[in-house]
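Open the model in your viewer and keep the selection tool at hand. We will go stop by stop.

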Amino acid sequence: MNILQALFFPPDQPGGVSSMVPYTTEKFNKRGWEMELFSLPKRVRGKGTEPVGFTTFDLSRYGENPIIDKYVQTYKDYIWWTKLRIRKKYDLIHAHHPIAALAMKEVFPDTPVIVTIHSSYERELLLNGKIADGGPEQLFLTSIYGELESKLDQILTVSNSFKQYISEFIQDPERVGVIPNGYDEKRFRPISHENEVAQLITVCRLVPAKGLETLLEACAKLKERGHPFVLHIIGDGPSRTELEELARELNLYEEIIFYGYMLHPEEFMPFFDIFVLPSKAEAFGSVFAEAALCLLALVGTNVGGIAEQIENGRNGLLVEPGDAVGLSIALEKVVVDPSYRYQLARAASDKARKSYSLNRVMRQLRSVYERYEQ
């Protein structure tokens, strides 16, 4: 089979999908499958001019709207770039973003196209305060799920909770399959180390949806109770300046290191003790599985894919989003008790190896791909 993996972001861009899909593709190629990668370069903006339409809803009802117009223009750009660059036929196209999926089906209507929806753009915009709940942008973006259902051959997503979320916006939820992200143990593995002071790490884009203000408030309470620690924040984004200022206000600046964006945090992660990320929503939360394979204790929020990965008190700790007091108590448990910390980390690692191994996920994907083998 000749399969095209259609990304939205180029492989060198930040984000779990942009790094995971190329790695999975490489593994498939080594096993004799024919797979290629395709994505929209950042420099391609405003190139597409052909009109586009949707079959399941009327685009004109939304009028002029900057966010919707940008989304539609990116759809046009992806079609323009696809027509410009792709000169061959594929047996199957596996897209990893709604825009990529719709563009590929527009250009190749006779080729089976499946999509894995890894996250929700509208939820991210809502949580980051960019759009209003129930507003035109949210209605447009959730209508895209119905368009995908109407045009594509298969919809996949990465967690049962996210399947339940998108089920509200489609006709037949049973058509949606669930295949979690997969990870190679050779990339994410523990390294023996001893830290005199507990080392906390978080890896994410610095935006309100990740709940980092709650993390800093929790760390301030931890410090007030006399527990030493260092928090390492890997990632960048529009909230960085505000978070650095909040760290100063909370008298935490000496306990926190802001690293900015890092392409391969898995090379850095095994030297720490605790991974914490109090997200307000996560379709899957890839970085939790990565941290688990690096033998870190996990502390997260009781939302989405995080709650599917962590069983509270057995292989990690869960708190409610926005609960700084609860998060500080959870962090205290793993900061002051290295034995408990190791117990949680070992259980998390065992689950990640069993449930999210790359080989298992590749077998699941292969079974999907083979349905379209001619």
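How many cavities of 30 Å³ or more does a search of the whole structure find? The search finds 3. Before selecting anything, note that this is a predicted model, in which local features need pLDDT of at least 70 and side-chain atom pairs count only at pLDDT 80 or more, while totals for chains, interfaces and linings use all residues. Residues are numbered from 1 along each chain as its sequence is written, and side-chain values use heavy atoms, with hydrogens and water left out.

**Stop 1: the largest cavity**

Select Met-20, His-94, His-96, Val-361 and Leu-365. Of the 19 lining residues, these lie nearest the centre of the largest cavity. About 170 Å³ of space lies inside. A cavity is a set of points, on a 1 Å grid over the protein atoms alone, where a 1.4 Å probe fits but cannot get out; lining residues have an atom within 4 Å of a point. Grid points are joined across faces, edges and corners, and a volume is the space filled by probe spheres set on the points.

Now colour helix 1 (16–30) and helix 13 (358–369). These are the elements that give two or more residues to the lining. Helix 1 gives the most, with 5. Helices (H or I, at least four residues) and strands (E, at least two) are DSSP runs, numbered from the N terminus. The lining divides into 10 nonpolar, 9 polar and no charged residues. Here Ala, Val, Leu, Ile, Met, Phe, Trp, Tyr, Cys and Pro count as nonpolar, Asp, Glu, Lys and Arg as charged, and the others, Gly among them, as polar.

**Stop 2: the second largest pocket**

A pocket is an open set of points with protein on both sides within 12 Å along at least five of seven lines. Select His-193, Asp-273, Leu-295, Arg-341 and Tyr-342, the closest to its centre of 16 lining residues. Helix 12 (residues 338–355) gives the most to this lining, with 4 residues.

**Stop 3: Ile-274**

Ile-274 is in strand 10. Is Ile-274 buried or exposed? Ile-274 counts as buried, because its relative accessibility is 0%; buried means under 20% relative accessible area, exposed over 50%, partly exposed in between (1.4 Å probe, protein chains only). Its contacts (heavy atoms within 4.5 Å) include Leu-200, Val-299, Leu-331 and Arg-341.

**Stop 4: helix 7**

Select residues 212–224, which form helix 7. Its 13 residues should span 18 Å at 1.5 Å a residue, and the end C-alpha atoms are 18 Å apart, so the two agree. The expected span is 1.5 Å times one less than the number of residues. Among its buried residues are Leu-215, Cys-219 and Leu-222. The buried residues pack against several elements, including strand 8 (229–234), helix 8 (240–249) and strand 10. After the helix comes Gly-226, with a positive phi near 85°.

**Stop 5**

Glu-282 sits in the loop between strand 10 (274–277) and helix 9 (286–293). Glu-282 counts as buried because its relative accessibility is 13%. Show its side chain with that of Lys-210: they make a polar contact at 2.6 Å. Such a contact is a pair of N or O atoms within 3.5 Å; within protein, one must be able to donate a hydrogen and the other to accept it, and residues adjacent in sequence count only if both atoms are side-chain atoms. Glu-282 also touches Arg-123.

Finish at Phe-162, in helix 6 (residues 160–167). Phe-162 touches Arg-123 and Ala-283, among others. The C-alpha atoms of Phe-162 and Ala-283 are separated by 5.4 Å, though 121 residues apart along the chain.

Note on methods: Lists of a residue's contacts leave out its neighbours within four places in sequence.
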